[in-house]
Amino acid sequence: MKTIYDIQQYLKKFGTIIYIGNRLADLEMMEDEVRELYKAQCMPSEDYQMAILLLRSEIAKQKDRQIREER
């Protein structure tokens, strides 16, 4: 997995499509879903680690954007 799109496609394999309308909320929900798939042993460790790293990075970017927009 190299992009958020890859994570979305992976989740789609399990019938999970996430669209809340708020990018930050979407990313946080994807992170929760990835955690649940890993706990259910439906996701290999290396995919889990990469997905969490990508999601946390993107979440941090979104939070920074929100902070800048509030100023």
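Is Q62 buried or exposed?

1. **Model and layout.** This is a predicted model. The protein has three helices and zero strands. Along the sequence, the pattern reads α-α-α. The helices are α1 (4-13), α2 (23-39) and α3 (45-70).

2. **Overall dimensions and surface.** Along the principal axes, the C-alpha atoms fill a box of roughly 45 × 20 × 20 Å. The protein has 71 residues, and 31% of them count as buried.

3. **Contacts across the sequence.** Take the contacts with a separation of 6 or more. Residues 24 or more positions apart account for 53% of these. D6 has its place in helix α1. D6 counts as partly exposed because its relative accessibility is 30%. A51 is one of the buried residues of α3.

4. **The nonpolar core.** In soluble globular proteins, nonpolar side chains tend to be buried together. Here the largest nonpolar core has 17 residues. Those with the most contacts inside it are I4, I7, L11, M30, V34, M43 and L55. Each of the helices α1, α2 and α3 supplies at least two residues of this core. Which helix gives the most to it? The answer is α3, with six residues. Leaving aside neighbours within four places in sequence, I7 is in contact with M1, M30, V34, A51, L54 and L55.

5. **Helix α3.** How far apart are the end C-alpha atoms of α3? They are 37 Å apart. At 1.5 Å a residue, the 26 residues of α3 should span 38 Å, so the two values agree. Several residues of this helix are buried: Y48, A51, I52, L54, L55, E58, I59 and Q62. The buried residues of α3 pack against α1 and α2.

6. **Q62, the opening question.** Q62 is found in helix α3. Q62 is buried, because its relative accessible area is 12% and the cut-off is under 20%. What does Q62 touch? Not counting residues up to four places away in sequence, it touches R23, L24 and L27.

7. **The loop between α1 and α2.** T16 is found in this loop. Is T16 buried or exposed? T16 is buried, with a relative accessible area of 19%. Leaving aside neighbours within four places in sequence, T16 is in contact with L11 and E33. L11 is also among the core residues with the most contacts.

8. **The loop between α2 and α3.** Q41 is found in this loop. Its phi is near 60°, a positive value in a residue other than glycine. Q41 counts as exposed, because its relative accessibility is 73% and the limit is over 50%.

9. K12 has its place in helix α1. K12 counts as partly exposed at 45% relative accessibility. K12 and N22 are 10 residues apart along the chain, and their C-alpha atoms are separated by 19 Å. T3 is found in the segment before α1. T3 is partly exposed, with a relative accessible area of 36%. T3 and G21 are 18 residues apart along the chain, and their C-alpha atoms are separated by 19 Å.

10. **What to look at.** Begin with the 17-residue core and the share of six residues that α3 gives to it. Finish with Q41, exposed at 73% and with its phi near 60°.

Technical notes
Residues numbered from 1 in each chain as written. Predicted model: local features only at pLDDT ≥ 70, side-chain atom pairs only at ≥ 80, totals over all residues. Heavy atoms only, no water. Core = buried A, V, L, I, M, F, W, Y, C linked by side-chain atoms within 4.5 Å. Buried < 20%, exposed > 50% of the residue type's maximum accessible area, 1.4 Å probe, protein only. Helix = DSSP H or I, 4+ residues; strand = E, 2+ residues; numbered from the N terminus. Contact = heavy atoms within 4.5 Å. Expected span 1.5 Å × (residues − 1).
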